[in-house]
Amino acid sequence: MSDARVGYEPFDCAPALRLEGYERVTQLRFEGISGRLDRIEALIERLERRVWLAVYGVAAAVLADVFLKFLQVSP
């Protein structure tokens with residue numbers, strides 16, 4: 001009887017298929033979250049560049065104002 005069972009093909013049982021489905025869904029969720037995090041990081045980097053540009057712009061404007069006032073005071 002054991003010789004007859006050797007010819008059977010292996011099969012997947014329902015719990016194993018359900019587990020594979022959960023694993024695939026979890027993998028897709030993590031890929032989606034990872035993609036969103038990458039996009040958020042890129043947006044934060046762009047925002048950081050804009051903030052530094054604004055800070056340097058304000059600093060330049062203040063220094064220019066101080067320089068112009070200094071020129072007006074000393075003839």
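Colleague: Before we start, what counts as a helix or a strand here?

Modeller: Helices are DSSP runs of H or I with at least four residues, and strands are runs of E with at least two. The model is a predicted one.

Colleague: How many helices and strands are there in the protein chain, then?

Modeller: The protein chain has 2 helices and 0 strands. Helix α2 covers residues 14-73.

Colleague: What share of the 75 residues is buried?

Modeller: Buried residues account for 0% of the 75 in the protein chain. Its accessible surface is about 7500 Å², and carbon and sulfur atoms contribute 66% of that.

Colleague: Which residues form the nonpolar patch on the surface?

Modeller: That patch consists of Phe 30, Ile 33, Leu 37, Ile 40 and Ile 44, which together have about 490 Å² of accessible area. Of these, Ile 40 belongs to helix α2.

Colleague: Why does Ile 40 count as partly exposed?

Modeller: Its relative accessible area is 44%, and the partly exposed class lies between the buried limit of under 20% and the exposed limit of over 50%.

Colleague: Switching to charges, which residues gather in the negative patch?

Modeller: Asp 38, Glu 41, Glu 45 and Glu 48 gather there, on the surface. Glu 48 sits in helix α2 and is partly exposed because its relative accessibility is 45%.

Colleague: And how many salt bridges does a search of the whole structure find?

Modeller: The search returns 1 salt bridge. The side chains of Lys 69 and Asp 65 meet in a salt bridge, at 3.7 Å from N to O. Asp 65 is partly exposed, since its relative accessibility is 38%.

Key:
Residues are numbered from 1 along each chain as its sequence is written. This is a predicted model: local features need pLDDT of at least 70, side-chain atom pairs count only at pLDDT 80 or more; totals for chains, interfaces and linings use all residues. Side-chain values use heavy atoms; hydrogens and water are left out. Patches are made of residues with over 30% relative accessible area and no salt bridge: like charges are joined within 9 Å, nonpolar side chains (Val, Leu, Ile, Met, Phe, Trp, Tyr) within 5 Å. Accessible areas come from the Shrake-Rupley method with a 1.4 Å probe; for residues, only the protein chains shown count as cover. A salt bridge is a side-chain nitrogen of Lys or Arg within 4 Å of a carboxyl oxygen of Asp or Glu. Lys and Arg count as positive and Asp and Glu as negative; His and the chain ends are not counted. The place of a charge is taken as NZ of Lys, CZ of Arg, CG of Asp or CD of Glu. Buried means under 20% relative accessible area, exposed over 50%, partly exposed in between (1.4 Å probe, protein chains only).
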